[in-house]
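Hi everyone, thanks for making time for this.

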Amino acid sequence: MTADKSRFVVDADWVEKQLGAPEFRIVDAAWYLPAQNRNGAEEYAAGHIPGAVFFDQDVIADHSTGLPHSIPSPEFFAAEVGKLGIAATDTIVVHDGPGFFSAPRAWWLFRLMGAEKVYVLDGGLDGWKREGRPLQTDLPEPAPATFVPNFDAAKVTTFEAMKDIVASGSKQIADARGAGRFTAEEPEPRAGMRGGHMPGAKNLPISVFSDAGRFKSLSEIKDTIEKAGIDLSKPVVTSCGSGVTAAVITLALTSLGHTDNTLYDGSWSEWGSKPDTPIVTGRD
């Protein structure tokens, strides 16, 4: 890794050399929007990195909120990833298909729950396949592990806190949705949801952070974030459609050494579905 690359992003050469090593875990965390016409579980079954386990972001979630893939309780998360053979002390590499779509959410969740050695595979499974690297179709049978959670609630923004932030402008808001959804020029993919964005939010679509599935250099990322109007010396809340791709911005911020950031888990699925939350449409 060079000095201008995120320390949380690892390349396929390194990962391939680690395959089969003790306390090294590969996690396929692919999740997609309906419009992407991809199914993470089916793609995993058709061929995955040797030893990889599948982390279902819709299953390992809190199902009581009425919102998609909400943060699970630490106890439920620990039980589920323990079944996958993952301990908090392991070196964990997560990936999705394209590289930087849903994998950063799993990276953030593992860190939120207390794991420290967590990384994202540069290029994703798509890049791994393009390069002709090894795949397997046999499903691994990992020995159960004990994941001891150490949940960091300070990294999560709730709806009540988000209302205060919007009302007071006390923190910067970075929205990872595409520009069309941010301005309400394109409809939301979920029925019955208003379009637009929270007052004061800045748009940082996830597409600006990677190129052909590769995470951009830290200097490019810093420039992109600052040009969007985000001051890296001040706190940031990340948001998106349903709390998944917001973590791409979180990964970018954390890679730059920015630590005063939280993720609004309900994101637009929550904010945009309320009848009385303030919403801005159009371009600033």
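Okay, start with a charge and a ring: the charged end of Arg133 sits over the ring of Trp128, 5.7 Å from the ring's centre. There's another case with Arg177, which lies over the face of Trp268, and there the distance to the ring centre is 4.3 Å. Keep in mind that what you're looking at is a predicted model.

Now for the inside. The largest nonpolar core is made of 53 residues. Among those with the most contacts inside it are Phe55, Ile86, Val94 and Phe209. Which helices and strands supply at least two residues each to this core? That would be helices H3, H4, H8 and H9, plus strands E4 and E5.

Leaving out neighbours within four places in sequence, Val94 is in contact with Val27, Ala103, Ala106, Trp107, Phe110, Tyr119, Val120 and Leu121.

On to the aromatics. The count here is 13 aromatic pairs. One of them is Phe77 with Phe110, an edge-to-face pair with 5.2 Å between centres and 75° between the planes. Phe77 belongs to helix H3 and Phe110 to helix H4, so this pair ties together parts 33 residues apart in sequence. Are these two buried or exposed? Phe77 is buried at 0% relative accessibility, and Phe110 is buried with 0% too. Ring pairs also join Phe55, Phe77, Phe110 and Phe147 into a cluster.

Next, Phe24, which you'll find in strand E2, residues 24–28. Phe24 has a relative accessible area of 8%, and since the cut-off for buried is under 20%, we call it buried. Not counting residues up to four places away, Phe24 touches Trp14, Val15, Gln18, Leu19, Thr91 and Val93.

Let's turn to the sheet. Five strands make an open, parallel sheet, in the order E6-E12-E11-E7-E8. The edges are E6, residues 156–157, and E8, residues 202–203, each pairing on one side only. E6 pairs with E12, residues 261–264, over two bridges in the parallel sense, and Thr157 stands opposite Tyr264 in E12.

Last stop: where is His197? His197 sits in the loop between helix H7 and E8. With a relative accessible area of 1%, His197 is buried. A polar atom of the His197 side chain lies 2.7 Å from the backbone oxygen of Phe182.

Methods: Residues numbered from 1 in each chain as written. Predicted model: local features only at pLDDT ≥ 70, side-chain atom pairs only at ≥ 80, totals over all residues. Heavy atoms only, no water. Helix = DSSP H or I, 4+ residues; strand = E, 2+ residues; numbered from the N terminus. Buried < 20%, exposed > 50% of the residue type's maximum accessible area, 1.4 Å probe, protein only. Contact = heavy atoms within 4.5 Å. Pairing = 2+ DSSP bridges. Polar contact = N/O pair within 3.5 Å; in protein donor to acceptor, adjacent residues only side chain to side chain. Core = buried A, V, L, I, M, F, W, Y, C linked by side-chain atoms within 4.5 Å. Phe/Tyr/Trp six-rings, centres within 6.5 Å; stacked < 30°, edge-to-face > 60°. Lys NZ or Arg CZ within 6 Å of the ring centre and 35° of its normal.
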